[in-house]
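Visitor: I'd like to learn how to read a few features off a protein model. Could you walk me through some?

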Amino acid sequence: MSVGTLVRVGQGVGTSARRVEGIPKVRGQYAYGSDLWAEGMLWGMTLRSPFPHASIRSIDVSEAAASPGVHAVLTEDDVPGKKTFGVEFADQPVMAFDRVRYLGEPVAIVAAEHPEQARRALNPTAIDY
């Protein structure tokens, strides 16, 4: 059997695949992740590093945890087991630990009842770099 018999006409290399969500997206009817809502759900926000490279001396999340509407504040200490992930090699940290390796690396995560409460709880001064 030749390779040509495995591919039907119009479905080979160089042809556009029809995307299931294409029509709802162009009609404005597609539900993106930020459009979804459920009763009692929490909103998450990530505190990201303002530095491309720095050592983390300490993280104090007590103020964020005491903020109104905040249910949880997570740091690398809250990651169970291995603190890295990856497709082929688990070499990407879930969140920064010991040091930040790039600008915008996640350092802490807040879960709150409203996105504005989560945003307000993120205090960049809670991290001592």
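**Reading contacts, core and rings**

Guide: Let's begin with a contact list. Leaving out residues up to four places away in sequence, Glu105 touches Leu47, Arg48, Ser49, Pro93, Met95, Ala96, Arg99 and Val100. Keep in mind that this is a predicted model.

Visitor: Is Glu105 buried or exposed, and where is Glu105 found?

Guide: Buried means under 20% relative accessible area. Glu105 is at 0%, so it counts as buried. Glu105 is in the loop between β7 (99-100) and β8 (106-112). Its side chain also reaches the backbone nitrogen of Arg101, at 2.5 Å.

Visitor: And the charged end of Arg101, where does that sit?

Guide: Over the ring of Phe97, 5.0 Å from the ring's centre.

Visitor: How many residues are in the largest nonpolar core?

Guide: Such a core is a set of buried nonpolar residues joined through side-chain atoms. The largest one here has 17 residues, and Ile56, Val70, Val100, Val107, Val110, Ile127 and Tyr129 have the most contacts inside it. At least two residues each come from β4 (70-74), β8 and α3 (115-121). The top contributor is β8, with four residues.

Visitor: What does Val107 touch?

Guide: Not counting residues up to four places away in sequence, its contacts include Leu47, Ile56, Ile59, Leu74, Met95, Val100, Ile127 and Tyr129.

Visitor: On to rings. How many aromatic pairs does a search of the whole structure find?

Guide: For a pair, check the distance between ring centres and then the angle between planes; over 60 degrees counts as edge-to-face. The search finds two pairs. Tyr30 and Tyr32 form an edge-to-face one, 5.0 Å centre to centre with 75 degrees between the planes. Phe51 and Tyr129 have centres 5.0 Å apart and planes at 70 degrees, so that pair is edge-to-face as well.

Visitor: Which parts does the Phe51 and Tyr129 pair tie together?

Guide: Phe51 is in the loop between β1 (43-48) and β2 (54-55), while Tyr129 is in the segment after β9 (127-128), so the pair links parts 78 residues apart in sequence. Phe51 is partly exposed at 36% relative accessibility, whereas Tyr129, at 18%, counts as buried.

Visitor: What lies over the face of Tyr30?

Guide: Lys25 does, at 5.2 Å from the ring centre. Tyr30 itself is partly exposed, at 33% relative accessibility.

Methods: Residues are numbered from 1 along each chain as its sequence is written. This is a predicted model: local features need pLDDT of at least 70, side-chain atom pairs count only at pLDDT 80 or more; totals for chains, interfaces and linings use all residues. Side-chain values use heavy atoms; hydrogens and water are left out. Buried means under 20% relative accessible area, exposed over 50%, partly exposed in between (1.4 Å probe, protein chains only). A polar contact is a pair of N or O atoms within 3.5 Å; within protein, one must be able to donate a hydrogen and the other to accept it, and residues adjacent in sequence count only if both atoms are side-chain atoms. Contact means heavy atoms within 4.5 Å. A nonpolar core is a set of buried Ala, Val, Leu, Ile, Met, Phe, Trp, Tyr and Cys residues joined through side-chain atoms within 4.5 Å. Rings of Phe, Tyr and Trp (its six-membered ring) pair if their centres lie within 6.5 Å; planes under 30 degrees apart count as stacked, over 60 as edge-to-face and the rest as tilted. A charge sits over a ring if NZ of Lys or CZ of Arg is within 6 Å of the ring centre and within 35 degrees of the ring normal.
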